[in-house]
Amino acid sequence: MTGFYNEGSRALQDRFDSRRLADRLEERKVRDFIDDGDRAFIESVDMLFIATADEQGRPNCSYKGGDPGFVRVLDEHTIAFPCYDGNGMFLSFGNLLVNPDVGLLFISFERGRRLRLNGTATIAADDELAPAWPGAKLVIRVRAREVFPNCPRYIHRYELVERSRYVPVAGTEPPVPDWKTRDWARDVLPSSD
């Protein structure tokens with residue numbers, strides 16, 4: 001089945017009599033571009049959740065964070081964000097090398113707002129934007145296929161207590177995470193550590 005909804009979505013819509021509503025939401029809310037309001041929201045958040053799948057369709061979901069503005073809207077169809085140092089597993093970004101389809105979820109817990117962006121990703125270590133993010137190992141660009149708001153009613157309200165001290169900042173060296181000093185990890189760290 002092609003289109004926004006698959007057979008499973010349609011079966012549940014029919015079971016719960018929501019097909020008309022789903023069609024109206026697709027018609028009115030889903031688009032293939034990033035508008036000015038989306039841009040402002042995306043560039044204001046300090047985190048996103050990324051869903052990927054490997055070549056066999058096995059899913060993976062992870063959290064990515066940075067300072068507000070770490071995700072940049074390049075044009076009405078494209079965003080970019082950095083891959084910072086992590087645990088070296090590269091589950092999400094490795095998946096993108098074998099299956100570039102990606103789903104992103106942006107949430108503001110303080111404002112009770114969320115936005116979905118589904119699209120196709122590319123990854124590059126030599127991207128011209130890399131110097132804009134100190135500590136970036138890779139740059140991920142996503143070309144939007146679907147952009148749409150998501151119902152905010154179940155978003156729990158939280159407020160930021162403090163930003164992570166591990167987010168790279170120009171001119172400073174982030175602290176070494178404790179797990180990298182433990183016996184189980186110390187002898188297998190990348191040479192750059």
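Modeller: The protein chain has five helices and seven strands. This is a predicted model.

Biologist: What pattern does the protein chain follow along the sequence?

Modeller: Read in order, the pattern is α-α-α-β-β-β-β-α-β-β-β-α.

Biologist: What does the C-alpha trace span along its principal axes?

Modeller: About 55 × 35 × 35 Å. The accessible surface of the protein chain is about 12200 Å², and carbon and sulfur atoms account for 51% of that surface.

Biologist: And how much of the protein chain counts as buried?

Modeller: Of its 193 residues, 35% count as buried.

Biologist: Let's go to β4. Is that strand mostly covered or mostly open?

Modeller: Mostly covered. Strand β4 takes in residues 78–83, and six of its six residues are buried.

Biologist: Which way do β3 and β4 run, and how many bridges join them?

Modeller: They run antiparallel, with three bridges between them; β3 is residues 72–75. The two strands form a hairpin, and two residues lie between them.

Biologist: Which residue in β4 is the bridge partner of aspartate 75?

Modeller: Threonine 78 is the partner of aspartate 75.

Biologist: How many bridges join β4 to β7?

Modeller: Six bridges, and this pair also runs antiparallel. Strand β7 covers residues 138–149.

Biologist: What stands opposite phenylalanine 81 there?

Modeller: Isoleucine 140, in β7.

Biologist: What else does phenylalanine 81 touch?

Modeller: Leaving out residues up to four places away in sequence, its contacts include Leu48, Ile50, Phe70, Val71, Phe93, Leu104 and Trp133. From β7's stretch of the chain, Leu138, Val139, Ile140 and Val142 are also among the residues that phenylalanine 81 touches.

Biologist: New topic: how many residues are in the largest nonpolar core, and which have the most contacts inside it?

Modeller: That core has 31 residues, and those with the most contacts inside it are Ile79, Phe81, Leu104, Phe106, Leu117, Ile140 and Val142.

Biologist: Which helices and strands each supply at least two residues of this core?

Modeller: The helices are α3 (36–42) and α4 (91–98). The strands are β1 (47–53), β4, β5 (101–108), β6 (113–124) and β7.

Biologist: Where does the largest share come from?

Modeller: From β7, with six residues.

Biologist: Back to the whole chain. Among contacts between residues at least 6 apart in sequence, what share joins residues at least 24 apart?

Modeller: The share is 63%.

Biologist: Last one: how far apart are the mean positions of the positive and negative charges?

Modeller: They are 6 Å apart, with 27 positive and 31 negative charges in the protein chain.

Key:
Residues numbered from 1 in each chain as written. Predicted model: local features only at pLDDT ≥ 70, side-chain atom pairs only at ≥ 80, totals over all residues. Heavy atoms only, no water. Buried < 20%, exposed > 50% of the residue type's maximum accessible area, 1.4 Å probe, protein only. Helix = DSSP H or I, 4+ residues; strand = E, 2+ residues; numbered from the N terminus. Pairing = 2+ DSSP bridges. Core = buried A, V, L, I, M, F, W, Y, C linked by side-chain atoms within 4.5 Å. Contact = heavy atoms within 4.5 Å. Areas by Shrake-Rupley, 256 points an atom, 1.4 Å probe, with all protein chains shown as cover. Lys, Arg positive; Asp, Glu negative; His and termini not counted. Charge placed at Lys NZ, Arg CZ, Asp CG, Glu CD.
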